[in-house]
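Subject: Handover of a structure for your review

Dear colleague,

Please find the structure below, together with its sequence.

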Amino acid sequence: MEKKKCPQCKNLILKTSPTCLYCGRPNKFITKEYVNKKWNKDNKKNVFDYIFINKYIVFILLLMFIIFIIKFS
């Protein structure tokens, strides 16, 4: 793990840590993308549910189509 000095308190901190453990200074600039990546977990869940529901509907339609072909053949 690479470390760097905090510009405020001069203690060593990891480059990947979001804040300094000693003084609390942010290590990274807080941007909208950073906040969304860390805190918005619902986006991934909604996308998964949407994909799952669509696959379920496609499976049902395919099953009905196969039954229709078998019944009228």
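**Cysteines**

Cys20 is buried, its relative accessible area being 2%. That class applies because a residue counts as buried when its relative accessible area is under 20%. Please note that this is a predicted model, and that every value in this message is computed from it.

How many disulfides does a search of the whole structure find? The search returns 0 disulfides. Cys20 takes part in none, and the nearest cysteine sulfur to it, that of Cys9, is 3.6 Å away. Cys23 is likewise in no disulfide; for this residue the nearest cysteine sulfur belongs to Cys6, 3.6 Å away. As a reminder, a disulfide is a covalent bond between the sulfur atoms of two cysteines.

Cys23 is located in the loop between strand 2 and helix 1. With a relative accessibility of 34%, Cys23 is classed as partly exposed. In sequence, Cys23 and Cys6 are separated by 17 residues, while their C-alpha atoms are 8.8 Å apart in space. If neighbours within four places in sequence are set aside, the residues in contact with Cys23 are Cys6, Gln8 and Cys9.

**Overall architecture**

The protein contains 2 helices and 2 strands, and from the N terminus these elements follow the order β-β-α-α. Of its 73 residues, 8% are buried. The accessible surface of the protein amounts to about 7100 Å², of which carbon and sulfur atoms supply 66%. Among contacts between residues at least 6 apart in sequence, 0% join residues at least 24 apart.

**Salt bridge**

Which residue forms a salt bridge with Lys15? The partner is Glu2, and the closest N and O atoms of the pair are 3.2 Å apart. The pair links distant parts of the chain, 13 residues apart: Lys15 belongs to the loop between strand 2 (12-14) and helix 1 (32-39), whereas Glu2 belongs to the segment before strand 1 (3-5). The count of salt bridges in the structure comes to 1. Lys15 is partly exposed, at a relative accessible area of 42%, and Glu2 counts as exposed, at 56% relative accessibility.

**Nonpolar surface patch**

A nonpolar patch on the surface is formed by Tyr56, Ile57, Phe59, Ile60, Leu61, Leu63, Met64 and Ile67, which together have about 800 Å² of accessible area. One of these residues, Ile60, is placed in helix 2 (residues 42-71). Ile60 is partly exposed, with 32% relative accessible area. Ile60 passes the accessibility condition for patch membership because that condition asks for over 30%.

**Confidence**

The mean pLDDT of the protein is 79, and 74% of its residues reach 70 or more. Where is confidence lowest, and where is it highest? The lowest value belongs to helix 1, with a mean of 72, and the highest to strand 2, at 90. In general, where pLDDT is low, the predicted coordinates should not be read in detail.

With kind regards

Note on methods. Residues numbered from 1 in each chain as written. Predicted model: local features only at pLDDT ≥ 70, side-chain atom pairs only at ≥ 80, totals over all residues. Heavy atoms only, no water. Patch = residues over 30% accessible without salt bridge, like charges linked within 9 Å, V, L, I, M, F, W, Y side chains within 5 Å. Areas by Shrake-Rupley, 256 points an atom, 1.4 Å probe, with all protein chains shown as cover. Salt bridge = Lys/Arg side-chain N within 4 Å of Asp/Glu carboxyl O. Helix = DSSP H or I, 4+ residues; strand = E, 2+ residues; numbered from the N terminus. Buried < 20%, exposed > 50% of the residue type's maximum accessible area, 1.4 Å probe, protein only. Contact = heavy atoms within 4.5 Å. Disulfide = S-S within 2.5 Å. pLDDT = per-residue confidence, 0-100.
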